[in-house]
Amino acid sequence: MKAILDDANENYYGVMAMNSINIEMVRAGIEAATEECSPIIIQMGPGQIAKHAHLDEMLPVVKELAEKAPVPVALNLDHGSKLEDEVRAIQAGFTNVMIDASALPYEENIQKTKTIVSLAHPMGVSVEAELGHVGQAADGDGRTDDMYTNVEQAKDFVERTGCDALAVAIGTAHGKYPEGYVPQLDFDRLKELKDALKMPLVLHGGSGSGEENLKKAVAGGINKINVCTDAFQAGKEGMLALLEENPKADFLALQMAAEASIKKFVKDYMHIIGSNGRYTYAEYESGSKE
């Protein structure tokens, strides 16, 4: 993931990190990335792994599809908090792990992040950390200033931990926002963070943030956007649309409809965040790209 995000950081575009819990989601994401010549990050959290995305079944799927893809594909552990989850992911072959100790006191967040970095880096695995707190959309979190990432603290945090990417809190929240609510993001703070850190920054709670917010966030320095709720919704809507058209549709048809809907969603999202067309093999003639 580090190589993917370093390029995105250098060239100011965003990369989609989609929580994927079955083969349909993984295949939809990687096929979309291939067709759009875009990188993609496949990720899953410990809770999703425990409930449905069992690693002994999912890892071979991700590995095979990623190895066949002509674009970069990373596998990230999303929101790891327990040491055993991080170690298991590192040993299993994840290319990045996220350590989320953002709800803990600052010094404890630093210590836990340093520990994961010390375990991951020797194995060639990069580390995402979080500073500030990205709350829950349903609770109205993300609107109070004390949850936002402090710029000076962020500089100290990165220097002391050696993390490769930093998830920052600028006003988004996880999950589904209340009906009609679009978060107001602190783009001034984002600019200050980017200017100070000059490293890949991550936006959690990308679902429901609005197209204009996403474009401005990427322009301001966000390089990885986590998407879960909207991807799940895309799959659900694909199935519901098929059922409305054909109430007798069977399970196979429903799964195919969900996958097609997620694939379209991912392709559209890649155009919004500017990752499409980043990985092409082309010749240059007369100063223009063919």
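## Cys37 and the model

Cys37 is partly exposed, with a relative accessible area of 23%. In this report, a residue is buried if its relative accessible area is under 20%, exposed if it is over 50%, and partly exposed in between, as found with a 1.4 Å probe and with protein chains only. Cys37 lies in the loop between helix H2 (23–36) and strand S2 (40–44). Helices (H or I, at least four residues) and strands (E, at least two) are DSSP runs, numbered from the N terminus. The phi of Cys37 is near 55°, a positive value in a residue other than glycine.

The structure is a predicted model, in which local features need pLDDT of at least 70 and side-chain atom pairs count only at pLDDT 80 or more, whereas totals for chains, interfaces and linings use all residues. Residues are numbered from 1 along each chain as its sequence is written, and side-chain values use heavy atoms, with hydrogens and water left out.

## Overall architecture

The protein contains 11 helices and 10 strands. It has 290 residues, of which 52% count as buried.

Contact means heavy atoms within 4.5 Å. Among contacts between residues at least 6 apart in sequence, 72% join residues at least 24 apart.

## The nonpolar cores

In soluble globular proteins, nonpolar side chains tend to be buried together. A nonpolar core is here a set of buried Ala, Val, Leu, Ile, Met, Phe, Trp, Tyr and Cys residues joined through side-chain atoms within 4.5 Å. The largest such core has 68 residues, and Val97, Leu166, Leu201 and Val266 touch the most other members. Helix H4 (residues 55–68) supplies the largest share of this core, 7 residues. Apart from it lies another core, of 12 residues, which includes Ile4, Ala17, Ile41 and Ala167.

When its neighbours within four places in sequence are set aside, Leu201 is in contact with Leu166, Val168, Leu190, Leu193, Lys194, Gly221, Ile222, Asn223 and Lys224.

## Helix H1

An α-helix has 3.6 residues a turn, so residues three or four places apart point the same way. In helix H1 (residues 2–11), the buried residues include Ile4, Leu5, Ala8 and Asn9. Seen down the axis, the buried residues of H1 fall within an arc of 130°, so they line one face of the helix; the arc is that of the directions from the helix axis to the C-beta atoms. Ala3 and Glu10, on the other side of H1, are exposed.

The cover over the buried residues of H1 includes strand S1 (15–19), S2, S3, strand S6 (165–168), H8 and S8. H1 is followed by Tyr12, which has a positive phi near 55°. Lys194 lies over the face of Tyr12, at 5.6 Å from the ring centre. A charge is said to sit over a ring if NZ of Lys or CZ of Arg is within 6 Å of the ring centre and within 35 degrees of the ring normal.

## Helix H9

Helix H9 (residues 211–219) has Asn213, Leu214, Ala217 and Val218 as buried residues. They cover an arc of only 130° around the axis, which puts them on the same side of H9. Glu212 and Ala219 are exposed on the other side of H9.

The buried residues of H9 pack against helix H8 (187–197), strand S7 (201–203), strand S8 (222–227) and helix H11 (251–273). Just after H9, Gly221 takes a positive phi of about 125°.

## Aromatic pairing

A search of the whole structure finds 2 aromatic pairs. Rings of Phe, Tyr and Trp (its six-membered ring) pair if their centres lie within 6.5 Å; planes under 30 degrees apart count as stacked, over 60 as edge-to-face and the rest as tilted. Tyr106 and Phe157 form a tilted pair, at 6.4 Å centre to centre and with 45° between the planes. This pair links distant parts of the chain, with Tyr106 in helix H6 (residues 106–120) and Phe157 in helix H7 (residues 151–161), 51 residues apart. Phe157 is buried, with a relative accessible area of 0%.

Gln48, in helix H3 (residues 46–51), is buried, with a relative accessible area of 18%. Not counting residues up to four places away in sequence, Gln48 touches Asn19, Ile21, Ala53, Cys228 and Phe232. Gln48 and Asn19 are 29 residues apart in sequence and 8.8 Å apart in space, C-alpha to C-alpha.

His79 belongs to strand S3 (residues 73–80). Its phi is positive, about 55°, although His79 is not a glycine.
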